[in-house]
Amino acid sequence: MTLSVSIVDPRVDAEPSGWADFRRRANLHPVWDYPLLRAEAWTARNPPVLAVLRDRTRVVAALSVMVCRTWREQRFAPPPRERTRRLRPRWAEVYLPLLSGCPAAVFHESLDVAARRDGLRLFERELARHLGPGLLGVVYRAMTDDLVAVLDGPGRISRRIDPTAVLRNRWTRFADWQDTLSPALRRRMAEIAADDTVEVSTATGRTDLDAHELAVLLNAHRARQDQRAWQEGQRSRLAGLHLDTRSPVSAAYLDLLVRRPDVTTRVYRDRAGRLLALNTMLDNPVSPALGHWADLPVGAGGRPGLYLDCYAHCVRQVIERGRPELTAGRTLLDSKAALGFGRRELSTVAVPRPVMGR
Amino acid sequence: MWTSGVNALWRAAYRRAVRSAFATVPLYRERWALGGRTDPVVVPGRTGTHGGAITAEEAVRKVVDLVPLAGGAASPDPARGLGHVLPLARPPRPGTLVVVVDPAIPRPPTDLPNTLRGCVLDPASLTGGTRPAALDEVVTALRRNGNVTAVGPDEAIAALVAALPEDLAHRVDRLPHRALDRLDGGPFGLIHDPVLGYLGGIGHCGRWHLDWPRVYARRTTGGLALTLLRQSSPRLVDILVAGGVRGEVAPCPRHGTPVVLT
């Protein structure tokens, strides 16, 4: 096996050859789509670059890597190659900020553990060369246990973070899943489904939505959610600092996302047409993901419990399509547990610059 | 003045505004990065539609995305800039009461100089049963030989004047609003837009001067695009007002500063 790594900046570099084929072979989620990565990178404070690992010419692994300059500065990243900034301190985060429960390092199943370990070390050396002497280290966030096993090593720091919710599909009919819920939950779901003051529309490849409207609701929801997670003592905090390297979700990104045929978008509106809630579900043969969920707070005219209807709809799709599982993010785990979701443990591994590639 | 560097300074201020908007304002970031813009181009090879300008209607609809990442006000001030264009269009004497009669301007201007007093008067209240207190103040000021300047659309100023006693009505100085696509021959007037506020006025020379230290204008394929150079939030850069007005910006032959020709 002859491994090599190339790192591309989706903002300015062309899509790597064989990338679409790898996405299909490795069953990657739509967030790995190159035009989506480009839109995400241009509208991010800490934009992602894409590292592609090849065995000779064939793509066998990939990592989405946020190049972080700041967690405080309220500016988008400077345009690439505007001028040399290689000495400026930076760190890298292997992370999918818009699908935080899934690892941002993916391998084709043909790679064994030793090859994965070698590939990751090779990636770290190439990343250090690509970003220059200002690079402080790399943080692998939201890694599953099998990845932690190949990432671990001397001088590397690993810690548990909030797990992600996963529903294993062990049903053949939607009604069977409903039978596992508590009577109160079933009653509540029936009430929501019967509420004729809420209009629901669901489709893939949507061109009828105003992405700006979706982005406003989603970013407001994320801000509230972040605040609540912080107050409840989220496990990803470090030394009492808000180390949030993410950026608001842009309307341009959402516009591209909801138009995709493998993304189901469900929106809830009141009779006046006001957007009450939205959900995107990212389909995938192996592990569909409940992508975005956002709703209006009840105090602002929102309806309580719409998320139950959204989850029921996603579970129905998973069961009817025979998908093995559904992942649903890292928040409100107790609420999700009542719907049958279990947990998948996640860890963060920090690799300081001196041990990168070793 | 224009030829001795004002144009260069004006343009440099605009380029700073564009750079800052591209670095900090979500709407411009996604619009110019993914679509493009001209003059200056921020992503090589991408020139966008209408040079990257957006319509005023879109700016209003997406105003939350015109707030920089660091935060700021999320609603435009239609009275913005009045204090700066008044001396240009009709220099008020100290102590003048400036009455803004425009139903679209609910709050008084915040940038009047300390020597002036400003208030707003909804023209609809002039025909209602209750006499507005501001109208009494206007009458009192006129009876004391004070100066009153009425600013607003023609019909609103006419309603104010009609509500005044006949012997005082002629003493009100009038400064009518003009949209960019309705500029006339004056002799008095202010360029006003409900989103960007006051943009300029007729100078002594009879030409429509821009408030150039604060407002930039450039030609695009969609019409004249205007930029507020000093407003931090919401950031209004390259806005096509009045549906996109064909016109040009030229130096005033008398003053050397930019005037609008439509």
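How many Å separate the centres of domain 1 of chain A and domain 2 of chain A, taken over C-alpha atoms? In this predicted model, the separation of the two centres is 26 Å. The contact between the two parts draws on 35 residues of domain 1 of chain A and 33 residues of domain 2 of chain A. Domain 1 of chain A is made of two segments, 3-162 and 346-355, while domain 2 of chain A covers 165-344.

The area buried between domain 1 of chain A and domain 2 of chain A is about 2800 Å², and carbon and sulfur atoms account for 57% of that area. On the side of domain 1 of chain A, the residues that lose the most area to domain 2 of chain A are Trp71(A), Leu98(A) and Asp162(A), which together give 23% of what that side buries.

Polar pairing across the interface of domain 1 of chain A and domain 2 of chain A was counted in two ways. The count of residue pairs in polar contact, with both residues at pLDDT 80 or more, is 10. Among the secondary-structure elements of chain A, α2 (34-42), β3 (58-68), β4 (90-94) and β7 (157-168) each contribute at least two residues to the side of domain 1 that touches domain 2. By class, that side of domain 1 of chain A holds 18 nonpolar, eight polar and nine charged residues. The number of salt bridges across the interface of domain 1 of chain A and domain 2 of chain A is one.

Side chains of opposite charge can pair when their charged atoms come close. Asp33(A) takes part in two such pairs. With Arg260(A), the side chain of Asp33(A) forms a salt bridge at 2.9 Å, N to O. With Arg23(A), the side chain of Asp33(A) forms a salt bridge at 3.3 Å, N to O. In this second pair, Asp33(A) sits in the loop between α1 (19-25) and α2 of chain A, whereas Arg23(A) belongs to helix α1 of chain A; the two residues are 10 residues apart. Over all chains, the total by the salt-bridge rule comes to 43.

The interface between the chains was examined next. Chain B and chain A bury about 1500 Å² between them, and 65% of this lies on carbon and sulfur atoms. In this contact, chain B supplies 17 residues and chain A supplies 18 residues. One salt bridge is counted between chain B and chain A. A salt bridge joins the side chains of Asp210(A) and Arg61(B), with an N to O distance of 2.9 Å. Six residue pairs are in polar contact across the interface of chain B and chain A, both residues of each pair being at pLDDT 80 or more. Helices α1 (2-24) and α2 (26-35) of chain B each provide at least two residues of the side of chain B that touches chain A. The largest contribution to this side comes from α2(B), with five residues. By class, the side of chain B that touches chain A has 10 nonpolar residues, one polar residue and six charged residues.

Chain B is itself divided into two domains: domain 1 consists of 2-72 and 215-261, and domain 2 of 82-194. Between the C-alpha centres of domain 1 of chain B and domain 2 of chain B the distance is 30 Å. In the contact between them, domain 1 of chain B contributes six residues and domain 2 of chain B contributes four residues. The two domains of chain B bury about 470 Å² between them, of which 81% comes from carbon and sulfur atoms. The side of domain 1 of chain B that touches domain 2 of chain B comprises six nonpolar residues, with no polar and no charged residues. Across the interface of domain 1 of chain B and domain 2 of chain B, zero salt bridges are found.

Strand β1(B) runs parallel to its partner β11 (residues 239-240) of chain B, and two bridges connect them. Within this sheet, Thr55(B) has Leu240(B) of β11(B) as its bridge partner.

Conventions
Residues numbered from 1 in each chain as written. Chains lettered and ligands numbered in written order. Predicted model: local features only at pLDDT ≥ 70, side-chain atom pairs only at ≥ 80, totals over all residues. Heavy atoms only, no water. Domains from an automatic or database assignment. Contact = heavy atoms within 4.5 Å. Buried area = accessible area lost by both parts, 1.4 Å probe. Salt bridge = Lys/Arg side-chain N within 4 Å of Asp/Glu carboxyl O. Polar contact = N/O pair within 3.5 Å; in protein donor to acceptor, adjacent residues only side chain to side chain. Helix = DSSP H or I, 4+ residues; strand = E, 2+ residues; numbered from the N terminus. Nonpolar A, V, L, I, M, F, W, Y, C, P; charged D, E, K, R; others polar. Pairing = 2+ DSSP bridges.
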